[in-house]
Amino acid sequence: MGAEPGDGRGRQGTVLVGLIETVALTASTNADMLERAEAGAPEGLWIRAERQSGGRGRLGRQWLSPLGNLYCSTLVRIGSQDPAAHLLAFVAGLAVLDTVRAILPDSHARLKWPNDVHVDGAKLAGILLERRRDAVVVGIGMNVAIAPEVTGRSVTSLHDQGAMAQVDAAAVIELLEHRFRSRLLQWRTTDPATLLEVWCAAAHKPGEAMAVQRGPEDRIEGVFEGLSTDGALLLRCADGRIESVSAGDVHLLA
C-alpha cells in the first residue's frame, strides 16, 4: 500500500532515490512502512512498490495491484503540538487531488468521503491510514496505467483520462511527495476547520443526494450537510434529522 513470492514478508529489487524507496515486489507497502516506523524511520520516508502481492484497502478489502499503477506509503510522526491525527486522511486526499489536477488540469477530479479520489464518478485512487503510537502510515493507491475491474464499481486511470504515456508511477510519486509535504504543512499551521472547508470545497456539493452503507443491513439516505469538526460525514435525512457517520461507503444518488 513488500514479499518474496510465497512468504508474504520479504522485498525484491530495492532502489532508493532521495526519500523515495522503490521495490519491485512486496506484500504491502503499508506493512513495510509500519515495520520501518517501529525501527525508528523518520517522517517523510516513502516506499513505492511496482507490484504488491497483498495490497489492502479500507474495511479489509483487497487492493488489486497490477504492474503500472502507483502503490506507496509514507510516514508521519505525530508531535505533541500537532492537530488530530485523523485529519491526515483529509491531508492525503487533498494531496492526491492536487497531484491528479497537476497531471490532468482539465479533468473533473473530486474527493469522495472518506478518502477516495474520483473522476466523473469513477474511482481513481484510494487511501488507507494505519497508526502505531506516534507513527501514522499513509498508504495511497492510484490507478496510473490500468483501471482494474472491480465488481460493482466504476474505475478509471490517469491514462484512461488522457494522461501522456510518459506519466508513470515513478513520475507521479515525485509530484505526490511534494504536494503531500505542502498539505502536511497546512495541517500543522492552519485551523482544522479551515482544512475541512478546503476538503469540502473539493468534494461533495451541499445538498448532494447520497446513501451511506454503514453495514450489511445498515443503509441510510439523505443529502450532504458537510463534515463535523472531527471529520465525520453529516447526512440530513428525509425527516430532517442529521446523522453523523464516522465509517461507511458513500454511494452518490442521481
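Reader: How do you know that strand 10 and strand 11 pair?

Author: Strand 10 (residues 218–227) and strand 11 (residues 233–236) are joined in the antiparallel sense by three bridges, and because two strands pair if DSSP finds at least two bridges between them, they count as paired. Within this pairing, Phe 224 stands opposite Leu 235 in strand 11. This is a predicted model, in which local features need pLDDT of at least 70 and side-chain atom pairs count only at pLDDT 80 or more, while totals for chains, interfaces and linings use all residues. Residues are numbered from 1 along each chain as its sequence is written, and side-chain values use heavy atoms, with hydrogens and water left out.

Reader: What makes strand 12 and strand 13 the edge strands?

Author: The open sheet has five strands in the order 12-11-10-9-13, with antiparallel pairing, and strand 12 (242–245) and strand 13 (249–252) each pair on one side only.

Reader: Why is strand 2 called mostly covered?

Author: Buried means under 20% relative accessible area (1.4 Å probe, protein chains only), and six of the seven residues in strand 2 (residues 20–26) are buried. For the protein chain, 51% of the 254 residues count as buried.

Reader: Why is the crossover from strand 2 to strand 3 called right-handed?

Author: The term applies if, with the strands pointing away from the viewer, the path from the first strand over the helix to the second runs clockwise, and the β-α-β path from strand 2 through helix 1 (residues 29–38) to strand 3 is right-handed. Strand 2 and strand 3 (residues 46–52) run parallel, joined by six bridges, with Thr 22 opposite Arg 48 in strand 3.

How values were computed
Helices (H or I, at least four residues) and strands (E, at least two) are DSSP runs, numbered from the N terminus. Buried means under 20% relative accessible area, exposed over 50%, partly exposed in between (1.4 Å probe, protein chains only).
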